[in-house]
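Q: Hi, could you walk me through this one? I'm new to it.

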Amino acid sequence: MEESWAREPEAWGPSGRWPAPREARAGPTLSSVLNALPSAAALRHRGPRELPWGALEGEGEDGERSVQAFAEAAQELQDPVPSRELPWPMQARRAHRQRHARDQMALGSGSRMASWALLLRRSKEKMREGWHTLEPWGWTLKRIGGQFGAGTESYFLLLRFLLFLNVLASVLKVCMTLLPTWLDGGPEDPPGPDHNSSCGSYNPHPQGLVSFSTQLFHLLSGEGFLEWSPLFYGFYPPRRTLAITYLCSTFAIGLLSLLLILRRSVSGLKQTLLAESGVLTSYSHRVFSAWDFGLRGEVHVQLRRRRLRYELQVELEEAQVRLRAAGRTLGQQARVWALRLLLNLLVLALLGAAFYGIFWATGYSSELKKLDLVKGTPLLALGVNYITSVFISGVNLVLPPLFKLITSLEGYTRSRQIVLILLRTVFLRLASLLVAMVSLRNKVMCGGNTEDKNCKACGYNYKEYPCWETRMGQEMYKLLLFDLLIGLAVMLLIQFPRKLLCGLRPGLLGRLGTQEFQVPDEVLGLIYAQTVVWMGSFFCPLLPLLNSAKFLLLFYLKKLTLFSNCSPASRTFRASTANFFFPMVLLLGLAVSAIPVLFSIFLIRPSQLCGPFREQEFIWNQIPESIGRLPQGTQDFLFFLGSQAFAVPLLLVSSILMAYTLALANSYGCLISELKRQIEKETQNKVFLAQRAVALSSDPGAL
């Protein structure tokens, strides 16, 4: 063979390329085969400006690209740990190679700025790695995701995020309300029974000896010794600095929650768009690209295998539903839409009945408290106090299973069913809170009738609600506490006995006792509790602190329930749905909670017998008065920020930036579409070459 190559030097091309055999040169040439590729045909159709197949773009003018490629290859050869030997995905290898090349350039330049930049980048990487190491419950969440799927893991991720949010809110409340109260002379004594004013009298402490059972009932209802405590609004004295910090803490918590939820939802939106576009949900990606070669240990490998199995299971389930939907005839499609219309009307009827019941229960509880029998029986008084909480919790327990049954009859995919169940149930939970607050607000403001004898003197019903802000805080306190008690009761009285039944009776009765972790219901419970906190943090400043303790306890209880009582879900859903939709529902809860708080700040007169705003006509009036005490230059600047001279240019700049962002997004979309078309053409090229190879190999005369 070597002699034949030596005797025929003309077989080598003029550029020294690898020679082709003589027989192959007699048949179709390589250029003719390449020109017959589908991608070459597409380039010819586009016109002469497009480069032919295999040509180097910018050859001659942009020759630095090849030089840069050789330089990167040289840097790769100098790398003490070659990227190709690392058990990492391609993206991580590429990032490692680029980072090493930048480090070599920084060290080779000898510049002090480059050295400082390298040191700063390495410090950031170390801090990021340390933060991920200190991230709470990291191994537990990984274990949950591997054993029960990414959907169940998303619930615990949301729980950890909300716990972090409540801890931040607790720190803000303590630093901006509780500490100024104690540092600026301490709290005031509660008003006595003989304290009278034009707005009546207010006596938060009961007189005489109080029994232990009554103290326990006061602990559960927020009355008695808790009513005049740092837990509620009425405890804080009317001081100018405290009033400003008290109001600013509420706005700071809302703004901080909004920014953190937006940050979380944007990161989840990227995953959702990729998942819905089919880029990350294809089976080839799951099989060939989703494995993490950096895993070590049999436990991690098994968890990763289970997670991939759950993801493939979700894709197969949704593919089956889409195939059935695509095979429907026009008549079948019309019957499906008619059924969906009737089921949605049934859902609206159930929601309307629930809201009317909550409105009635809130108003009726106020009437029952006036009865002498209720006043003389502490246990009965406690039951009357919890009528609204019991009714809201009962509605939230009964209707979601009905919504789940209704949604299963509508013929949607699993992910779409999850979204519909979440939307209907979250509307029920959030609207029930809003209805309860509206009903209580009607009682406070005498149904909007300012000429009523109970509201004419002070602007609110001072006879029944001498400190109405504390009363609203007590309602939120009872809702939060009752939600925790219901969760504990369900866990101890339903879930654990079902697990024991499943273990003792392995037959049909045991299968009925098997239970799964219902992610939508559990997530909505978290969002409901967080909405209660946002809605009540103005009236009950330490409510975020109580909710932090509740979420911390809930994490370990749910973890114990998951591993002890629950089996892996037979039907799972995409984690991308949770990554984006759960924060969006949180944003909806934040918006709903802002309605009663802003209404109370701007439109209802504060109580004249308690709280830091007792001397104001409206709570918001404290802000203009405080601004009026500032220097004239600061006042002018703040008023300029609220004037049209600042708002109009800001609107114009925002519009220009939005238009630029939309144009940039459209250009990126076009680029992505072009790259997708190129990938499709490359696939057609490979198919074409494979067919040509088979044809040539089957024809001996062509070889």
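**A chat about salt bridges and helices**

A: Happy to! Arg471 and Glu475 sit 4 residues apart, about one turn, in helix H19 (residues 468-504); helices are DSSP runs of H or I, at least four residues long, numbered from the N terminus. This is a predicted model, in which local features need pLDDT of at least 70 and side-chain atom pairs count only at pLDDT 80 or more, while totals for chains, interfaces and linings use all residues. Residues are numbered from 1 along each chain as its sequence is written, and side-chain values use heavy atoms, with hydrogens and water left out.

Q: What do Arg471 and Glu475 form, and how far apart are the closest N and O atoms?
A: Arg471 and Glu475 form a salt bridge, with 3.4 Å between the closest N and O atoms. A salt bridge here is a side-chain nitrogen of Lys or Arg within 4 Å of a carboxyl oxygen of Asp or Glu.

Q: Are Arg471 and Glu475 buried or exposed?
A: Both are buried. Buried means under 20% relative accessible area, exposed means over 50%, and partly exposed is in between (1.4 Å probe, protein chains only).

Q: Which residues are linked in a network of salt bridges?
A: Arg471, Glu475 and Lys478 are linked that way.

Q: And how many salt bridges does the structure hold?
A: There are 6. One of them joins the side chains of Asp483 and Lys550, at 2.6 Å from N to O. Asp483 is in helix H19 and Lys550 in helix H22 (residues 543-565), so this pair ties together parts 67 residues apart in sequence. Lys550 counts as buried because its relative accessibility is 6%.

Q: What about Glu674 and Arg677?
A: They form a salt bridge too, with the closest N and O atoms 2.6 Å apart. Both belong to helix H26 (residues 644-698), 3 residues apart, about one turn. Arg677 has 40% relative accessibility, so Arg677 counts as partly exposed.

Q: Switching topic: at what angle do the axes of H21 and H22 cross?
A: Roughly 165°, and the axes of H21 (residues 519-536) and H22 come within 10 Å. Axes are lines fitted to C-alpha atoms, for helices over the stretch in contact, and angles run from 0 to 180 degrees between N-to-C directions.

Q: Which way does H21 run relative to H22, then?
A: That crossing makes H21 roughly antiparallel to H22, a term for angles over 145 degrees.

Q: Last one: where is Val585 found, and is Val585 buried or exposed?
A: Val585 is in helix H23, a helix that covers residues 575-602. Val585 is buried, with a relative accessible area of 4%. Val585 and Leu422 are 163 residues apart in sequence and 8.4 Å apart in space, C-alpha to C-alpha.

Definitions and conventions:
Helix = DSSP H or I, 4+ residues; strand = E, 2+ residues; numbered from the N terminus. Parallel < 35°, antiparallel > 145°, perpendicular 65-115°, else oblique.
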